[in-house]
Amino acid sequence: MAQIFCDPGEKREDGTLLLSGENFHHIIQVLRLRRGEEFSVYFAGSTTEHRYGIERIGSEDAECRLRFSKEADVELPCYITVLQGLPKADKLETVIQKSVELGASRIVPVVCSRSIVRLDERKADSRTKRWSKIAESAAEQSRRAILPEVCLPHSVEEATELCRGAEVKLIAYELAGEQGASMDGTRQLIRGIRPGTEVCIFVGPEGGFTEDEVAVAKSAGFLPVTLGRRILRTETAAMTVLSWLVLELER
Ligand code: SAM
């Protein structure tokens, strides 16, 4: 079933929906849906699926009518933020795509000391727009009921502060094992996560975290955890933890 995300302002009380712009292009010109066919719509801020049928197709818009609405039950029962140390560009796109498929609610690129990529304000803005498109496409493909947010790049201080209120804050630290952390400790933390809590996972860039960055995260309440005896690539780390959360939390 084709799926799109719309602004609540597009929802009409009479149960009709006018498809235009990028959504018209996607549904009518890319997916080539025809009159009488259906697609799902999620309006921002709601996890209710609205199924619309196409009634009239014009050259630039299409008139659709609501057929039914139902509460979607596809989201994990936690709000999950991935703080991703800014890696090389294409790797971040992989992290965003896989994090969305695995149920993340928000992805925040973090400019770490060892991040190779440096983005000026204009580039950061245009890259974030591209990253948001990747999140939207992954959310449509994986039938998410919400459109996960991709934030503008943050500093380590800003990012850890953003998540200060989360009940569970984990920093995947490649040296945690050498400093006494164990997989048992990681397992206990993951198994202790309860539905309804906010979770934050912080992953470093290819070059890893500096001790100062780990100290900043710890002062914001992050717990250093090991992800095992091997060193994972930065783009593997977040999806590893997210997979564990799916196993633990999916109903
Ligand atoms: N440059 C580091 C080194 O050689 O030790 C490796 C960094 S690793 C490629 C990138 C990030 O993935 C790390 O900063 C960490 O967040 C995460 N990571 C990878 N393997 C991990 C492990 N075994 N335990 C905890 N975190 C890990």
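R251 and D73 are both exposed. This pair forms a salt bridge in the predicted model, and the closest N and O atoms of R251 and D73 are 3.6 Å apart.

**View 1. A salt-bridge network with five members.** Salt bridges that share partners join E38, E49, R51, R67 and K70 into one network. Side chains of opposite charge can pair when their charged atoms come close. One of the pairs here is R67 with E38, whose closest N and O atoms are 3.1 Å apart. R67 belongs to strand β5 (residues 61-71) and E38 to strand β3 (residues 38-43), and 29 residues separate them in the chain.

View 2. Now look at R51 and E49: both are buried, and they form a salt bridge with closest N and O atoms 2.9 Å apart.

**View 3. Where domain 1 meets domain 2.** The chain is divided into domain 1 (3-71) and domain 2 (79-249). Eight residues from domain 1 and nine residues from domain 2 make the contact. About 700 Å² of area is buried between the two domains, and carbon and sulfur atoms give 54% of it. The C-alpha centres of the domains lie 33 Å apart.

View 4. How many salt bridges cross between domain 1 and domain 2? The rule finds one. E22 forms a salt bridge with K133, and their closest N and O atoms are 2.9 Å apart. Between the domains, three residue pairs are in polar contact. On the side of domain 1 that touches domain 2, β1 (3-6) and α1 (21-30) are the elements that give two or more residues. β1 gives the most, with three residues. That side of domain 1 divides into three nonpolar, four polar and one charged residue.

**View 5. A glycine in a loop.** G207 is found in the loop between β11 (198-203) and α6 (211-219). Its relative accessible area is 40%, so G207 is partly exposed. G207 and K98 are 109 residues apart in sequence, and their C-alpha atoms are 21 Å apart in space.

How values were computed
Residues are numbered from 1 along each chain as its sequence is written. This is a predicted model: local features need pLDDT of at least 70, side-chain atom pairs count only at pLDDT 80 or more; totals for chains, interfaces and linings use all residues. Side-chain values use heavy atoms; hydrogens and water are left out. Domain bounds come from an automatic or database domain assignment. Contact means heavy atoms within 4.5 Å. Buried area is the accessible area (1.4 Å probe) that two parts lose on being put together, summed over both. A salt bridge is a side-chain nitrogen of Lys or Arg within 4 Å of a carboxyl oxygen of Asp or Glu. A polar contact is a pair of N or O atoms within 3.5 Å; within protein, one must be able to donate a hydrogen and the other to accept it, and residues adjacent in sequence count only if both atoms are side-chain atoms. Helices (H or I, at least four residues) and strands (E, at least two) are DSSP runs, numbered from the N terminus. Ala, Val, Leu, Ile, Met, Phe, Trp, Tyr, Cys and Pro count as nonpolar, Asp, Glu, Lys and Arg as charged, and the others, Gly among them, as polar. Buried means under 20% relative accessible area, exposed over 50%, partly exposed in between (1.4 Å probe, protein chains only).
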